[in-house]
Amino acid sequence: MLSWSIFITFSQVIPGLAEVARRVIAIDLPGSGFSPPAAEPPGIETCVHIHAAVCDLLGGPWALVGNSLGGALAAELAIRRPELVSAL
């Protein structure tokens, strides 16, 4: 799962990941990428909650990929909900 990173950032690597992964999911945070503009940028709590909900919905665990904020949020989810994360 490409987590906490906008689709545009990873759009060039998704095809390669899809060749070796069972499935690849890219999640845009509110107000970034292809998601509608947000009134205010979401905080860390909101971002972790959103992505935990997606992981819960889709099942898991997931290998999470992220850079910058995405990497920090992936690590935070691994701390808070380790059952959802197989690798960082």
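How many residues does helix 4 have, and how far does helix 4 reach from its first C-alpha to its last? Helix 4 has twelve residues and reaches 16 Å between those two atoms, close to the 16 Å expected at 1.5 Å a residue; the expected span is 1.5 Å times one less than the number of residues. The model is predicted, so local features need pLDDT of at least 70 and side-chain atom pairs count only at pLDDT 80 or more, whereas totals for chains, interfaces and linings use all residues. Residues are numbered from 1 along each chain as its sequence is written, and side-chain values use heavy atoms, with hydrogens and water left out.

**Overall architecture**

- The protein chain contains four helices and two strands, where helices (H or I, at least four residues) and strands (E, at least two) are DSSP runs numbered from the N terminus.
- Along the sequence, these elements follow the pattern α-α-α-β-α-β.
- Of the 88 residues in the protein chain, 27% count as buried; buried means under 20% relative accessible area, exposed over 50%, and partly exposed in between, with a 1.4 Å probe and protein chains only.
- Among contacts (heavy atoms within 4.5 Å) between residues at least 6 apart in sequence, 60% join residues at least 24 apart.
- The protein chain exposes about 5,200 Å², of which carbon and sulfur atoms supply 62%; accessible areas come from the Shrake-Rupley method with a 1.4 Å probe, and for residues only the protein chains shown count as cover.

**The nonpolar core**

- In soluble globular proteins, nonpolar side chains tend to be buried together.
- The largest nonpolar core here has twelve residues: Leu29, Cys47, Val48, Ala52, Cys55, Trp62, Leu64, Leu73, Ala74, Leu77, Leu84 and Val85.
- Helix 3 (44–58) and helix 4 (69–80) each supply at least two residues of this core, and the largest share, four residues, comes from helix 3.
- A nonpolar core is a set of buried Ala, Val, Leu, Ile, Met, Phe, Trp, Tyr and Cys residues joined through side-chain atoms within 4.5 Å.

**Val85 in strand 2**

- Val85 is found in strand 2 (residues 85–87) and counts as buried because its relative accessibility is 15%.
- Leaving aside neighbours within four places in sequence, Val85 is in contact with Pro61, Trp62, Leu64, Leu77 and Ala78.
- Val85 and Trp62 are 23 residues apart in sequence, and their C-alpha atoms are 4.9 Å apart in space.

**Helix 4**

- The buried residues of helix 4 are Gly70, Leu73, Ala74 and Leu77.
- These residues lie on the same side of helix 4 because they cover an arc of only 105 degrees around the axis; the arc is that of the directions from the helix axis to the C-beta atoms.
- Helix 3 and strand 2 are included in what covers the buried residues of helix 4.

**Helix 3**

- Helix 3 has 15 residues and reaches 21 Å from its first C-alpha to its last, close to the 21 Å expected at 1.5 Å a residue.
- The buried residues of helix 3 are Cys47, Val48, His51, Ala52 and Cys55.
- They cover an arc of only 125 degrees around the axis, which puts them on the same side of helix 3.
- The buried residues of helix 3 pack against strand 1 (62–63) and helix 4.
- The face turned away from the buried side of helix 3 carries the exposed residues Glu45, His49 and Leu57.
- Gly59, whose phi is positive, near 85 degrees, follows helix 3.

**Salt bridges**

- The count comes to four salt bridges, each being a side-chain nitrogen of Lys or Arg within 4 Å of a carboxyl oxygen of Asp or Glu.
- Glu45 forms a salt bridge with Arg80, the closest N and O atoms being 2.7 Å apart.
- Glu45 lies in helix 3 and Arg80 in helix 4, so this pair ties together parts that are 35 residues apart in sequence.
- Glu45 counts as exposed at 52% relative accessibility, whereas Arg80 is partly exposed, with a relative accessible area of 36%.
- Arg81 forms a salt bridge with Asp56, with the closest N and O atoms 2.8 Å apart.
- This pair links distant parts of the chain, with Arg81 in the loop between helix 4 and strand 2, and Asp56 in helix 3, 25 residues apart.
- Glu76 forms a salt bridge with Arg80, the closest N and O atoms being 2.6 Å apart.
- Salt bridges that share partners join Glu45, Glu76 and Arg80 into one network.
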